[in-house]
Amino acid sequence: MSSSSTADGDDEFSVANGPDRPYVESPIIMATVRIVAPFVFTLGAFVMFHGADSAGGGFQGGVIVGTAILMIAIAFGVGPTRDWLSASMLTVLVVFGVALFMGIGLAAVASGGAFLEYTAIPVAHSSKYGIELVEVGIGIIVSVTVVGLFFALAAGHSNEDDEEVAE
């Protein structure tokens, strides 16, 4: 990779494949991500659910799941990953995570308890399941936020979006 400065003082980065590609497609990285990403995603889900019983939780698990998606984006390209996880899909996922969190909290209120008072919900093991669902909701919100921030930062590096960024 080489770097040069333009007349405006901005740095331009290019790689061996040409200036239009911000990164190089590597078969080794792509094969490694194909193997590792499902395990990282599973670890993230495990950490989300493990938060109900011990250390871990929605934030940590959400970051791990978001990182798995970032690995896919780095290996296979930001554009195809952005096409796969469109902005509308990310928005739907965030709304789902918030609705899950709020739903559990308001279910306790509707059952006569305080917000997120899981024991007020008339379900067996309501505390365990309530905490797990809240952790999943938080994990979804955090992972989508991580991915959304990555896409926003990557859009500033894309040659296609230079006109949009400049506006």
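Predicted model: local features only at pLDDT ≥ 70, side-chain atom pairs only at ≥ 80, totals over all residues.
**Ground rules.** I number residues from 1 along each chain as its sequence is written, and side-chain values use heavy atoms, with hydrogens and water left out.

**Overview.** I looked up the secondary structure and got 6 helices and 2 strands. Helices here are DSSP runs of H or I with at least four residues, strands are runs of E with at least two, and both are numbered from the N terminus. From the N terminus on, the order reads β-β-α-α-α-α-α-α. Burial next: 33% of the 167 residues count as buried. The cut-offs are under 20% relative accessible area for buried, over 50% for exposed and partly exposed in between, with a 1.4 Å probe and protein chains only. I also checked contacts, meaning heavy atoms within 4.5 Å. Taking pairs at least 6 apart in sequence, 54% of the contacts join residues at least 24 apart.

**α1 and α2.** How do the axes of these two helices cross? Helix α1 covers residues 27-50 and helix α2 residues 58-76; their axes come within 8 Å and cross at roughly 165°. The axes are lines fitted to C-alpha atoms over the stretch in contact, and the angle runs from 0 to 180 degrees between N-to-C directions. The pair is therefore roughly antiparallel, a label for angles over 145 degrees. I noted the crossing of α1 past α2 as left-handed, i.e. the near helix is turned anticlockwise from the far one by less than a right angle. The residues of this contact divide into 18 nonpolar, 5 polar and 1 charged. For the tally, Ala, Val, Leu, Ile, Met, Phe, Trp, Tyr, Cys and Pro are nonpolar, Asp, Glu, Lys and Arg are charged, and the others, Gly among them, are polar.

**α4.** I ran a length check on residues 87-110: 24 residues reach 33 Å from first C-alpha to last, close to the expected 34 Å. That expectation is 1.5 Å times one less than the number of residues. Its buried residues are Leu-90, Gly-97, Leu-100, Ile-104, Gly-105 and Ala-108, and they pack against α5.

Is Ser-143 buried or exposed? Ser-143 is buried at 9% relative accessible area, and Val-142 is buried at 11%. Leaving out residues up to four places away in sequence, Ser-143 touches Gly-62, Val-65 and Gly-66. With that same exclusion, Val-142 touches Gly-58, Phe-59, Gly-62 and Val-63. I looked up one of those pairs: Val-142 and Gly-58 sit 84 residues apart in sequence but 7.6 Å apart in space, C-alpha to C-alpha.

Most residues other than glycine have a negative phi, so I went looking for exceptions. Which value does Leu-116 take? Its phi is near 65°, and I found Leu-116 in the loop between α4 and α5, partly exposed at 24%. His-125 has a phi near 55°; that residue is in the loop between α4 and α5 and is exposed at 59%. Last entry: just after α4, Gly-112 has a positive phi of about 100°.

Key
Parallel < 35°, antiparallel > 145°, perpendicular 65-115°, else oblique.
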